[in-house]
Amino acid sequence: MMILHHGWRSSASRRVRLCLEEKNLAYEGHVVDMARMEHHSADYLKINPLGVIPTLIHDSQPLHESGTICEYLDETFPDPPLRPATPYQRAAMRNWIRHIDGLIGNLIIFNWRHHLQKVAAQWSDEELAAKLKSIPSKERQEAWQRVARKPYTEEERDAARAKLIQLLDKMEAALASSGWLVGNAYSIADIAAAPFVKRIDEEIAPDEMTASRHPRVNEWWAKVQARPAYARANFGPFLES
């Protein structure tokens, strides 16, 4: 039995759910409420000392980092394969994952303002200080302090949007050969990109997702969404209606 501690709107969690569904693997899902700081609770920190989501527990052993989890799943359950066949292409796949992960800060600038910012802004200085003590990472302490007291500006969002559009440009070039990011088949590289493209298409830069601006990405995104596993992974809307 596998247990996945995740969040419905977390990009990293969406990535792992998509991989699990592509593999048709059964798992028990435990939703971690980030607005209530459940990922910083003592119980959660026992299985993930970094206090981040997702965490996959398989055979009573916890695994962290979504890219690592996806590779573990493909190695442990090789059918259907989600990694390219050659060492070079697998290396290229990992470079894609690393590149996309490096853009997470730009995505978070948009994600913060919808729910977590509203929650954090309501805390008193005393409440904020108490909550910051439970966060194991100084970097994330600073992020929570920032979002609670000094929300990101429109200029900062514009800069983050430009970097995410550059991801679409890079994907557009890579998709020219086969319609997939690496090799000739859908892989973990495509899975890694899917949650980012979902957010770009939904809110951040939907005009860039058109057939006139990024035609190959537009076609790729339609293919990804048409896969049965995508529906089962339940990305759902990020924005509250």
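Two strands count as paired if DSSP finds at least two bridges between them. Helices (H or I, at least four residues) and strands (E, at least two) are DSSP runs numbered from the N terminus. The model is predicted, so local features need pLDDT of at least 70 and side-chain atom pairs count only at pLDDT 80 or more, while totals for chains, interfaces and linings use all residues. Residues are numbered from 1 along each chain as its sequence is written, and side-chain values use heavy atoms, with hydrogens and water left out.

Four strands form an open sheet in the order 2-1-3-4, with mixed pairing. Its edges are strand 2 (28–31) and strand 4 (61–64), each of which pairs on one side only. Neighbouring strands of this sheet are turned against each other by 20° on average, direction ignored. Axes here are lines fitted to C-alpha atoms, for helices over the stretch in contact, and angles run from 0 to 180 degrees between N-to-C directions. Strands of a sheet pair through backbone hydrogen bonds, either parallel or antiparallel.

Strand 1 takes part in two of these pairings. With strand 3 (residues 55–58), strand 1 (residues 2–6) pairs in the antiparallel sense over four bridges. Within that pairing, Ile 3 stands opposite Ile 57, and Leu 4 has Leu 56 as its bridge partner. With strand 2, strand 1 pairs in the parallel sense, over four bridges; there the bridge partner of His 6 is Val 31. Four of the five residues of strand 1 are buried, which leaves the strand mostly covered. Buried means under 20% relative accessible area and exposed over 50%, with partly exposed in between (1.4 Å probe, protein chains only).

Helix 3 (residues 66–76) lies across strand 1, strand 3 and strand 4, and runs at about 125° to strand 4. Contact, here and below, means heavy atoms within 4.5 Å.

Several loops around the sheet carry backbone exceptions. Most residues other than glycine have a negative phi, and most peptide bonds are trans. Asn 24, in the loop between helix 1 (11–22) and strand 2, has a positive phi of about 55° although it is not a glycine. At 58% relative accessibility, Asn 24 is exposed. Ser 60 sits in the loop between strand 3 and strand 4 and has a positive phi of about 70°, again without being a glycine. Ser 60 is exposed too, at 71% relative accessibility. A cis peptide bond with omega of about 5° joins Ile 53 and Pro 54, and Pro 54 belongs to the loop between helix 2 (42–47) and strand 3. The bond from Asp 79 to Pro 80 is also cis, with omega near -10°; Pro 80 is found in the loop between helix 3 and helix 4 (87–101).

The next topic is the nonpolar core. In this text, such a core is a set of buried Ala, Val, Leu, Ile, Met, Phe, Trp, Tyr and Cys residues joined through side-chain atoms within 4.5 Å. The largest one has 64 residues, of which Leu 18, Trp 96, Trp 144, Met 171, Leu 181 and Trp 220 touch the most other members. Helix 10 (residues 188–204) gives the most to this core, with 10 residues. Leaving aside neighbours within four places in sequence, Trp 96 is in contact with Leu 167, Lys 170, Met 171, Ala 174, Leu 181, Val 182 and Ala 189.

Helix 10 also packs against helix 11 (residues 215–226), at an angle of about 110° and with the axes 11 Å apart. That angle makes the two helices roughly perpendicular, a label for 65 to 115 degrees; under 35 counts as roughly parallel, over 145 as roughly antiparallel and the rest as oblique. From helix 10, Asp 190, Ala 193, Ala 194, Val 197, Lys 198 and Asp 201 meet Trp 220, Trp 221 and Val 224 of helix 11. The residues of this contact divide into six nonpolar, no polar and three charged. Ala, Val, Leu, Ile, Met, Phe, Trp, Tyr, Cys and Pro count as nonpolar, Asp, Glu, Lys and Arg as charged, and the others, Gly among them, as polar.

Finally, Gln 117 lies in helix 6 (residues 116–121). Gln 117 is buried because its relative accessible area is 17%. Not counting residues up to four places away in sequence, Gln 117 touches Trp 112, Val 147 and Pro 151. The C-alpha atoms of Gln 117 and Arg 149 are separated by 9.1 Å, although the two are 32 residues apart along the chain.
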